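Hi,

Here is the structure I promised to pass on. Have a look at it first, and then read my notes below.

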Amino acid sequence: MARLTLWRWGVLGLAGLYFLVPLAASVVFTVDVPGQGVTFDAYTQIFSTDGFTSSLLLSLELAAATIAVVLLLMVPAMVALRLGAPRLRPVVEVVCSLPLVVPPIAFVAGIGTVLKWGPEHLSRTPLFQTFVAIQNPDFPFVLVLAYVVMALPFVYRALDAGLRAVDVRTLVEAARSCGAGWPQALVQAVLPNLRGALLNASFLTLALVLGEFTVAQLLGFQPFAVWIVNVSGSQAQLSVAVSVLSLLVTWVLLLALAGAGGRTRTASRG
Amino acid sequence: MTVTAPDTTATTAATVEFRGLRREFGPTVALDGLDLTVRPGELLALLGPSGCGKTTALRMLAGFEHPDSGEVLIDGEDVTRVPAHRRDAGMVFQSYSLFPHLDALDNVAFGLRMRKVRTSERRARAAELLELVGLADKGGRFPHQLSGGQQQRVALARALALRPRVLLLDEPLSALDAKVRLSLREEIRRLQQDLGITTLFVTHDQEEALSMADRVAVMHAGRLEQCAPPAELYGRPATAFVAEFVGTMSRIPGRLADGGVEVLGQRLPVDGPVPAGPDVDVLVRPEAVGVRTDGDGSARVVATSFLGAAVRVTVRLADGTEVKADLPAHEAGGLGAGTAVTVSLPERPVLVAARTP
């Protein structure tokens with residue numbers, strides 16, 4: 001028993017070192033400027049650098065929109081799949097896993113081609129305005145569409161695991177025999193028991209959107225990840241400080257999400 | 001059908017009618033023209049082997065399945081097209097049907113919440129129902145903190161919360177252990193009689209059906225075989241299937257002659273319909289068979305098993321037929337395996353069925 005515990009601590013320590021050493025090195029690099037001693041200039045500089053707030057806000061807005069869209073799309077679809085057509089599950093699973101196989105670079109090339117149809121073929125139709133609107137640099141909805149597709153594999157898996165743990169059919173039937181209509185049965189009886197799964201799906205989507213670079217960069221928008229790379233070209237210390245900060249921001253957001261859902265998750269266990 | 005009155009008694013009990021219900025799932029016929037009437041206030045058990053269509057019939061009454069043809073009537077009113085949540089039927093499922101995210105009280109109050117009953121009122125009513133099922137102190141527990149029997153009690157309270165006209169029980173005891181099953185069985189029956197609510201109870205356990213129900217409907221391959229009070233079902237089964245499904249039945253070869261049947265050297269009158277003869281099987285319950293030690297007897301005891309008050313003796317006749325007999329323990333003392341015996345039947349009319357190969 002003692003040896004087992006020793007092993008566990010050993011493994012934990014090694015894993016901790018693997019993650020913490022680079023992190024610590026980054027932090028030291030940003031605060032210890034040669035010749036000046038310890039200084040937090042790099043961090044204070046972040047907030048005054050042009051584009052920090054706007055790009056971070058854009059990323060958060062994109063993340064919120066993506067989470068909303070992907071859940072509105074996937075939750076009814078997965079519940080319907082479970083209740084109505086269980087045989088179609090492998091098909092949906094394969095479709096939802098496709099974004100893992102298609103590299104983002106190919107994906108964005110495809111999106112770029114489609115977006116070019118706007119000026120080339122549709123300039124005299126009302127659709128042209130739609131194409132313009134989804135590429136509005138203040139809130140590029142085309143990125144939300146792209147992120148929804150990219151989040152599908154993670155959201156599918158998270159929801160599937162959650163749905164496996166509850167007997168959706170019986171819950172819906174029990175609710176209906178208690179006088180609940182279909183929408184009420186889903187919202188009042190099924191969704192509360194999927195809280196953990198919804199939370200996991202949101203986690204993964206949030207992390208994905210905050211860190212996504214390829215698609216945003218190639219389509220010419222500037223969310224947080226793109227801004228970090230752009231800044232890092234000019235000032236080495238500043239860029240590392242931004243990375244450390246973005247890591248912290250992501251952590252804080254994930255913890256906040258967990259805190260919001262954790263209380264009820266323990267209540268609905270079992 | 002008000003949900004606001006504080007008393008727990010149901011309004012007038014409803015009549016339920018199934019008329020010519022038919023349902024196919026691909027190649028299998030789940031219901032093949034089911035006609036059945038449940039009288040007001042009675043507990044009717046739907047009994048049958050798995051796949052006989054009993055659950056499908058119940059789910060059609062609940063509104064979860066729809067018949068290919070035929071209709072479901074509650075109090076003479078056709079509800080075949082009425083959606084499940086407007087059927088006014090409370091249902092208890094096999095197991096694990098409580099909402100895991102709600103405590104016992106909120107589970108019971110769920111239906112009232114759907115009907116927009118005020119919070120204080122529905123909590124009071126839910127507490128009252130929990131008391132009715134003997135769980136007044138467990139209102140704050142979540143389903144995973146309750147035992148299987150307690151969960152089913154909460155489910156029963158939840159099903160009764162909206163004062164349904166019909167109570168549907170879909171094998172509610174099958175996931176429980178034997179002792180809990182017995183006590184809950186009695187409790188469901190007591191509640192059902194107190195409330196006088198028309199109840200349909202699906203089970204594959206014949207003992208459960210016979211001990212609880214006012215009438216038992218035996219189903220086989222999507223059809224109704226017989227619907228009768230338990231004693232009649234056991235004593236005068238209408239078909240060979242019912243005879244063998246309900247209780248234990250032995251088949252002894254016999255021969256029809258002069259309106260009677262010759263069996264085991266006796267001539268007995270025939271009860272019920274007479275099949276085409278002359279070779280038939282006589283159906284006998286184990287408690288009706290007499291077994292006597294007889295050195296000259298052609299039958300041999302094959303096995304005995306002790307059942308408590310009685311001993312079940314399996315006897316092989318000269319022609320190889322095996323007959324089961326229940327004897328009082330004190331009479332079965334000398335009957336070890338291999339003992340030569342004679343088998344006799346009481347001088348009463350017997351059931352006969354066409355000979356099965």
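Let's start with β15 (residues 290–293) of chain B: this strand runs antiparallel to β19(B), and four bridges join the two. Strands here, like helices, are DSSP runs numbered from the N terminus (E, at least two residues, for strands; H or I, at least four, for helices), and two strands pair if DSSP finds at least two bridges between them. Within this pair, Thr293(B) sits opposite Val341(B) of β19(B).

A quick word on the source: this is a predicted model, where local features need pLDDT of at least 70, side-chain atom pairs count only at pLDDT 80 or more, and totals for chains, interfaces and linings use all residues. Residues are numbered from 1 along each chain as its sequence is written, while chains are lettered from A and ligands numbered from 1 in the order in which they are written.

Back to β19(B), which also pairs with β16 (residues 299–306) of chain B, antiparallel, over two bridges. There, Arg300(B) faces Ala340(B) of β19(B).

Now for the other sheet. In chain B, four strands make an open, antiparallel sheet in the order β2-β1-β4-β5. Its edge strands, β2 (28–38) and β5 (77–78) of chain B, each pair on one side only. Which strand pairs with β2(B) over eight bridges? That's β1 (residues 16–25) of chain B, in the antiparallel sense. Look for Glu17(B), which stands opposite Thr37(B) in β2(B).

Cheers
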